[in-house]
Amino acid sequence: MTHTTLLEVAVPTPLTRPFNYLCPAELALPVVGARVTIPFGSRELTGMVTAHVTEVDESINQDKLKPIIAVLDALPLQPPSFHKLLTWASNYYHYSLGEIYNQSWPALLRKGEAAQLQQVLQWCLTPLGESTSLDDLKRAKKQQQLLAHMQENPKQCTQQLKDAEHSSPSIKACSEKGLIIQQPKTQPPACYWHEEHINEDDRLVLNKEQAIAVAAINNNPNFSTSLLLGITGSGKTEVYLQAIERVISEGKQALVMVPEIGLTPQTLQRFQSRFNVPIVFLHSGLNDKERLDGWLKAKLGLAAIVIGTRSAIFTPLLKPGMIIVDEEHDASYKQHDTFRYSARDLAVVRANIENMPLVMGSATPSFETLHNAQQGKYQLLTLSKRAANASQASHQLIDIKGLQLQNGMSPQLLELMKHHLNQGNQVMIFLNRRGYAPALLCHECGWLGDCKRCDANYTVHQRYRYIQCHHCGDQHAIPYQCPGCGSTQLATAGVGTEQLEHAVNELFPEFKSVRIDRDSTRRKGALDESLAGITNNDYQILIGTQMLAKGHHFPDVTLVAILDVDSALFSGDFRASEKLAQLYLQVSGRAGRASKPGQVALQTHHPEHALLQLLNSKGYVAFCEVAMKERRVAQLPPYWHMALLRIESHNGDNITAFNQTIQMVCQPLLQQLGSKEHPLRQIGPMPSPMERRAGRYRWQVIFESSTRSRLHAFIDGLQQELLRHKSARQVRWSIDIDPIDMV
Ligand code: ADP
Ligand code: ZN
Ligand code: ZN
């Protein structure tokens, strides 16, 4: 056996180490970076060749090595920079490289499909078709029309012909006569675009702050990270567009990351009207083929701009020119299971490896990003004024202590609503709780409807008469009688968006309302319809959860109300106040975007709360200064670094056994790696805030250090040790680096 036939393959299994495989003589040796089909146990998996092995590891039994089954790519599938990026991610997130490779591919590539663009066929005029006179087809009117059309437009897809009302029979007839012929569409040259593909008529004249931002970003085509800190409506998007102008004029490509909720037709439209270039839009409505197609177009340089959510960070670019991460603080950039990466953080690494500028934008940046900006790692660019002459909204706290509320709304709020509605404006009410009510109770015995599988109450959904656990999805009809005492006096407690909608319709019958939450937008296209209805002024009262809070432009909204903030003020989650502040600003940003001045009202039992006062009077940055000081004192992120070990099992005893293993393993490691200058801290094992979910017990251990490298060395050691213990195979456990939700 010659050494070059031995391959190192990253295999999608939980084990982080790569595996060795043989390349049998009948197969061509795959290049490094090609996918291969490999046997793994009884399965066949798609792996990635990461190296040709030249030095045989003596500890591996050569006789046991298996041959690969097939070579799937003749050339490397991803650019070489991706190996660096994904290896970095594997080390940083302590996750299997093979799994990461797999997750970086569109679904069809994972299944072993060829990485080839679908061939698009088109009809072309033949020389005969060109020289044939229309008169020759006098007696076949439809064919004559088709030939006339083709003589004007010599290259047409079948769909284009059908759109022009030519029928299949006439297409067939002309083709049989040799007038037209079907040929594969030729692709334009890669990255063909330049200045002339920019629509300058669409360009806005920048204000001073915007101009400085664009100049600062475009000053350097190499790697740099900028934080564009601009209040809602300050014209961040215009800055992105003008920064991308340079990218386009240099024949390079831009990757634009948006949060889940921001992937709207409006977003696409703004890019399309500025740039006359192919744009790949990776939205959730795409099927697997379309997704692969978009990915390949980006990779081959056939798309100039890629716009997508979290996983779009893995879209390869032939000529990487810039990455934009809009709303960088948004939680949807962090994946919440399996490979728990942050697309925003990977964007920094990718921009560095591929040597291009990265721009992160937000009205309410995360503390992590602000900290980096304050330390000078990121260039801070500020937009402090609203761009289109809109005034800042006025803010008001409504003290609801002791007040009689009408379905969650105070008398003051109802007055305000009446006032704004009567002036012909729109009103937005925000409540982060979907359903009719968050609990069902028995009036007689106090029984509370709680999920048997989670530490959570059932939410009541009145319209379709069911109760549902929002954590495991368990669902039942609303009971007629109390399961505890048999009484029929069952009552709902608390208010959800469904109830609010109901109440508002009764209180303001002369106005129309619309509700936007996960229930009301489940049907495909429903969200876009509702949003269009709002823009069209079909609705005057807009009710919604977080979904309504972000990114939409509603120029006629003049009053925004937030019904309940108190739960966030007193939450055990150390990020709760940051999240509340971000939400507050995002929601307020919806008020008075156009020429109409806006008003923001916030209901609370604690108007004196320092955080609310600060936010209300001084704004987000002032709030951050105070809240970040608290984080520093409490030795929390972004000052300290955090990793979370999550543990889950149906069996509580298995968790107890695993917890003992953890204690045993951690103590020596902590002593070995921690020191006075580089402290390492362990908190737990302890039950997760929601100890039971979907029938599983859940525990967690927090590890913290002021020195990132120590924390990572510790997690490496911990992982290796745990893999050796039987108790670790009897529970599910995973590592979450930089966790953002601890539930
Ligand atoms: P952001 O992304 O910061 O929320 P947008 O880019 O959406 O803000 O801009 C808000 C509004 O201001 C848009 O209607 C946009 O067309 C307008 N706008 C942005 N920049 C300018 C400018 N320089 N001059 C005039 N209008 C502008
Ligand atoms: Zn009862
Ligand atoms: Zn449940």
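Tutor: Let us start with E165, which sits in the loop between α6 (158-163) and α7 (168-176); helices (H or I, at least four residues) and strands (E, at least two) are DSSP runs, numbered from the N terminus. This is a predicted model, in which local features need pLDDT of at least 70 and side-chain atom pairs count only at pLDDT 80 or more, while totals for chains, interfaces and linings use all residues. Residues are numbered from 1 along each chain as its sequence is written, chains are lettered from A and ligands numbered from 1 in the order in which they are written, and side-chain values use heavy atoms, with hydrogens and water left out.

Student: What is the phi of E165, and is the residue buried or exposed?
Tutor: E165 has a positive phi of about 65 degrees although it is not a glycine. E165 is exposed, because its relative accessible area is 73%, where exposed means over 50%, buried under 20% and partly exposed in between (1.4 Å probe, protein chains only).

Student: And what about N355?
Tutor: N355 also is a residue other than glycine with a positive phi, near 55 degrees, and N355 lies in the loop between α12 (343-353) and β14 (357-362). With a relative accessibility of 39%, N355 counts as partly exposed.

Student: Changing topic, which residues are closest to ligand 1?
Tutor: The closest are V205, Q210, G233, K236 and T237, among 18 residues that surround ligand 1, a residue being near if one of its heavy atoms lies within 4 Å. Helix α9 gives the most to this shell, with 3 residues.

Student: Which polar side-chain atoms lie by the ligand's nitrogen and oxygen atoms?
Tutor: A polar side-chain atom of Q210 lies 2.8 Å from a nitrogen atom of ligand 1. On the oxygen side, an N or O atom in the side chain of T237 is 2.8 Å from an oxygen atom of ligand 1, and for the side chain of R270 the distance from an N or O atom to an oxygen atom of the ligand is 3.0 Å. Taken alone, ligand 1 exposes 560 Å², and the protein buries 77% of that, with areas from the Shrake-Rupley method and a 1.4 Å probe.

Student: You mentioned α9, so where does R246 come in?
Tutor: R246 lies in that helix, α9, which covers residues 236-249, and R246 counts as buried because its relative accessibility is 14%. Its side chain makes polar contacts with the side chain of N218 (3.3 Å) and with the side chain of E250 (3.0 Å). A polar contact is a pair of N or O atoms within 3.5 Å; within protein, one must be able to donate a hydrogen and the other to accept it, and residues adjacent in sequence count only if both atoms are side-chain atoms.

Student: Last topic: which peptide bonds are cis?
Tutor: The bond from P637 to P638 is cis, with omega near 10 degrees, and P638 is in the loop between α21 (620-633) and β27 (641-649). The bond from G684 to P685 is cis too, with omega near 5 degrees, and P685 is in strand β28 (residues 680-693).
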